[in-house]
Amino acid sequence: MLGLMQDWPLTVDKILDHAHSWFPQREVVTRSLEGPITRTTYGAIWGRAKQVTNALRGIGIVLGDRVATLAWNTERHLEAWYGAMSMGAVLHTVNPRLFPEQIAWIINHAEDKVLFFDTTFAPIVEKIAPLLKTVTTYVALTDRFNLPTGAIPNVIAYEDFIAGQSQDAQWGAFEENTACGLCYTSGTTGDPKGVLYSHRSNLLHAMAANSADCFGAGANDVVLPVVPMFHANAWAIAFVAPMCGAKLVMPGARLDGASVYELLESEKVTFTAAVPTVWLMLLNYLRETNSKLTTLKRVAIGGSAVPEAVLRAFEQDYGVEVIHAWGMTEMSPIGTIGKMLPEHYAQDRETQIKTKLKQGRALFTVDMKIVDDEGREKPHDGKAFGRLMVKGPAVARAYFKNAGARNAKGECLEEDGFFDTGDVATLDEIGVMQITDRAKDVIKSGGEWISSIDIENIAVGAEGVANAAVIGVVHPKWDERPLLIIEPKPGAAPTKAQLLAFLEGKIAKWWMPDDVVTVEKIPLGATGKINKLALRETFKDYRLPSTQAAE
Ligand code: ADP
């Protein structure tokens, strides 16, 4: 027997429709690429997104066509995003931090027909345009006065593209499983793979992401997503904010500490989200200028583990609650959330800190388990490591064009239907998950596993350390031993003895790095995380003192 409720396909056009109907005056503030802070509203954005739809239809874009954006978080990006998705085109967000050749490869693989780009990325577009096989229209997200003058074929200013278009356009009216967005993984191993979100998966995930124990944002919040719309759906914030009627503050291209701080204060932001590297910059700025955060209440941090120093600074020095989130592009992206439970409130503060540094509990819609190499489930005792497997309506089943298929149906799943996250984790008795490493980064020493992440997160708290990375280096006796790589703060020169003394007692003895080296800059990948692959390459012939001693 079927239920007797109305048919209301879960499509994302309904999100902006809702904001337009019920929060038309709520502001969207942008640090524009042209310079000034601009102000608009959900009502105005809705109208201009309709114009985008009509402009796209005018150049022949139809249901299922891919439309790419290479853009910062701005009001225009939001308009293009909803204008394309709401008509059933597939909005392909391209990460500008990738190499130009990778960007060209991705756009060709996706067969994008239109490319919206910010003027900051005009040099990239000029370079790749001759390589692009399917793009017929280039739209610069600006007005005609700021149109890039370089050699980009068929380029039009966004304001001219939508000018004169009607604000009446049909949205929705397609099935909820229709493809909605496309985002490629960064391809640290092999070619990038396309994750193809559906309307239903994006809508369900946004509702889950905004549940009370996760972002918990509402119409009284002012939300600043530093996390970019070009990677993993800006952690759903571009859906969540119009859904709940929160004021939205878009940081544009300036993500340095001073610029983010200025917006946090001038716009009275209450909730923000980004990867730890952004927060290291902000916290440095706050200390240097002796500034306070007067309105911020919650900060979501994910993409890589929250360093202890960042957690303590936000919560103890600035009174801002840290929400630690874990996820990945393939999960839309949020999988777990580190909100504390009643059991944790009974603990002392230091134990609570340890708990908050873990990645947290599964969000509703996510099913999760840890298994050994044979697929057998490992116990939830907070100690046993296993491969972290996930399942859910906003978890990828297959990659675009069946890349990386593991079965005859083209799916990227294990036999039991779970997706292997590539992470290694523990789960404790009450379901709190802790990532101990990426499967490929874990250091295998004498048959046991050492978590590179754990050591890094402690080392980054040592005096004079700006960033820290740990990689496994080949060892004749133990297979691999950890090497600690340090990027010092300007003017600082922490010594090996000081760093090892700092780690002493904080990690198991046999986890102690065999050596410490200093580099000018720790390389970061396209999503702001430490590029372990590059470090492993740099140090592939590195001989540890312990190796020399063993010979
Ligand atoms: P990529 O970095 O390849 O683009 P994602 O951005 O999807 O991929 O990153 C997903 C990975 O980032 C996860 O599988 C995990 O290893 C890591 N990650 C994300 N959040 C956290 C976190 N809070 N703590 C530790 N690792 C995290």
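Mentor: A pocket is an open set of points on a 1 Å grid over the protein atoms alone, where a 1.4 Å probe fits, with protein on both sides within 12 Å along at least five of seven lines; its lining residues have an atom within 4 Å of a point. The model is predicted, so local features need pLDDT of at least 70 and side-chain atom pairs 80 or more, while totals for chains, interfaces and linings use all residues. Residues are numbered from 1 along each chain, and side-chain values use heavy atoms, without hydrogens or water.

Trainee: Which strand gives the most to the lining of the second largest pocket?

Mentor: This pocket is lined by 19 residues, with Leu196, Val395, Ala396, Arg397 and Ala398 nearest its centre. Strands are DSSP runs of E, at least two residues long. The greatest share of the lining, 4 residues, comes from residues 194–198, which form strand 9.

Trainee: Which residue of strand 5 is the bridge partner of leucine 70?

Mentor: Strands of a sheet pair through backbone hydrogen bonds, either parallel or antiparallel. Strand 3 (residues 66–70) and strand 5 (residues 112–117) take the parallel sense, over 5 bridges. In strand 5, leucine 70 is partnered by phenylalanine 117.

Note on methods:
Two strands pair if DSSP finds at least two bridges between them.
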